[in-house]
Amino acid sequence: MSSKMKKTISVAIGTVGMVVLSLVLGGILVVLTGNSPLEAYMAIWNGAFGSPLKISELFVKVTPIMIMAFGVSIAYRAQLWNIGASGQFIMGSIASAAVALYVPLPFILRIPASLIAAIAAGALWAGIAGVLKNRFNANEVITTSLLTYIANYFLLYVINGPMQDPESDLSQSALMPEEMHLPTLFKNYRIHIGIFILLAVIIFMIIFWKTTLGYRINLIGQGEKVSTYAGVNMNSTVIMTLMISGAFCGLAGWIEMFGIQFRVLDGIAADYGNIATIIALLGSLNVYGIIAAAAFFSVLLCGGASMQRMTEVPYSVVNVIQGLIIILVIARDRMGESISKISVGRKEKKS
């Protein structure tokens with residue numbers, strides 16, 4: 001067995017251990033609320049897999065957050081901390097809705113135009129952070145976070161102003177033309193053809209890391225000296241990496257807009273950005289790890305609502321479990337670094 005395979009298996013086992021530990025700690029919290037952990041977790045399971053309708057909702061939920069997780073993982077591989085996935089999602093949603101509602105093109109042309117607009121808006125919004133990093137050495141954690149605030153306020157402006165539904169007093173845009181809705185796969189179910197876009201994204205991600213650009217992004221993640229020695233242009237690659245990351249989030253916004261919501265709404269991004277970040281970290285920035293982590297979180301999100309309805313356990317327990325996973329994953333990584341340093345120190349002493 002190769003050393004790379006051993007490392008992958010070790011990381012996978014450690015990740016599963018962190019998830020199990022977070023569920024155990026969450027169970028203790030459930031006990032403190034006077035409820036049964038077994039009953040609570042069974043309610044989550046039944047809420048996610050209890051019927052074909054509930055299973056279809058899992059796919060509805062997993063599609064945008066997995067695509068966003070892939071997007072942020074690309075930036076994280078280059079040690080670029082894109083915390084603004086929600087903002088890029090929002091800008092993609094607004095741009096695609098504007099094309100769908102106001103551009104006078106035939107529907108057959110307006111659909112791909114709205115898709116291009118969503119991807120471009122997400123990419124450009126993330127690209128701003130890349131330009132600021134190159135020009136002023138601005139920390140991308142701060143800039144992407146602040147850009148998310150701006151995107152949220154811009155969303156409130158457009159749905160209460162130029163894009164507000166003229167037939168309603170609510171903070172929302174008009175409905176998309178029905179001809180532009182993504183077709184559903186089964187009658188009376190919300191699962192739509194966006195799942196095939198997700199499959200295409202997964203295939204793209206598997207291939208991406210074997211391309212020249214994927215190699216350059218990985219080199220940046222190993223440090224400036226390594227990438228410079230290899231002849232990688234840091235400035236252009238930083239901007240390109242963040243733009244690709246934002247493009248994925250814009251695409252997720254388009255899928256959510258044309259597959260589920262059909263109009264721009266306040267809070268349309270929900271908590272997808274934060275969840276995508278957790279999924280990317282939990283999946284160790286690995287394609288297959290992200291798939292597994294996204295599936296797990298979709299179960300938590302869909303099943304958590306059922307848990308609250310079927311038991312006396314509040315939905316906030318799911319949020320606590322998410323927080324525990326973040327803390328434990330960070331602890332796992334820190335422990336791994338410490339163990340590596342100790343082992344290297346011992347080898348140096350022996351030599």
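Residues are numbered from 1 along each chain as its sequence is written, and side-chain values use heavy atoms, leaving out hydrogens and water. Because the model is predicted, local features need pLDDT of at least 70 and side-chain atom pairs count only at pLDDT 80 or more, while totals for chains, interfaces and linings use all residues.

**The helix pair**

Let's start with α4 and α6, which pack with their axes 8 Å apart and at an angle of about 30° (axes are lines fitted to C-alpha atoms over the stretch in contact, and angles run from 0 to 180 degrees between N-to-C directions). Helices here are DSSP runs of H or I with at least four residues, numbered from the N terminus.

| Helix | Residues | Contact residues (heavy atoms within 4.5 Å) |
|---|---|---|
| α4 | 85–102 | S86, G87, I90, M91, I94 |
| α6 | 140–159 | T148, A151, N152, F154, L155, V158 |

The two helices are therefore roughly parallel, a label for angles under 35 degrees. By class, the contact of α4 with α6 has seven nonpolar, four polar and no charged residues (Ala, Val, Leu, Ile, Met, Phe, Trp, Tyr, Cys and Pro count as nonpolar, Asp, Glu, Lys and Arg as charged, and the others, Gly among them, as polar).

**The cavity**

Now for the cavity, a set of points on a 1 Å grid where a 1.4 Å probe fits but cannot get out. The structure holds one of 30 Å³ or more, the volume being the space filled by probe spheres set on the points. Its lining (residues with an atom within 4 Å of a point) consists of I278, L281, L282, I325, I326 and V329. Helices α11 (272–282) and α13 (316–350) each supply at least two lining residues. The lining has six nonpolar residues, with no polar and no charged ones.

Key: Angles under 35 degrees count as roughly parallel, over 145 as roughly antiparallel, 65 to 115 as roughly perpendicular and the rest as oblique. On a 1 Å grid over the protein atoms alone, a cavity is a set of points where a 1.4 Å probe fits but cannot get out, and a pocket is an open set with protein on both sides within 12 Å along at least five of seven lines; lining residues have an atom within 4 Å of a point.
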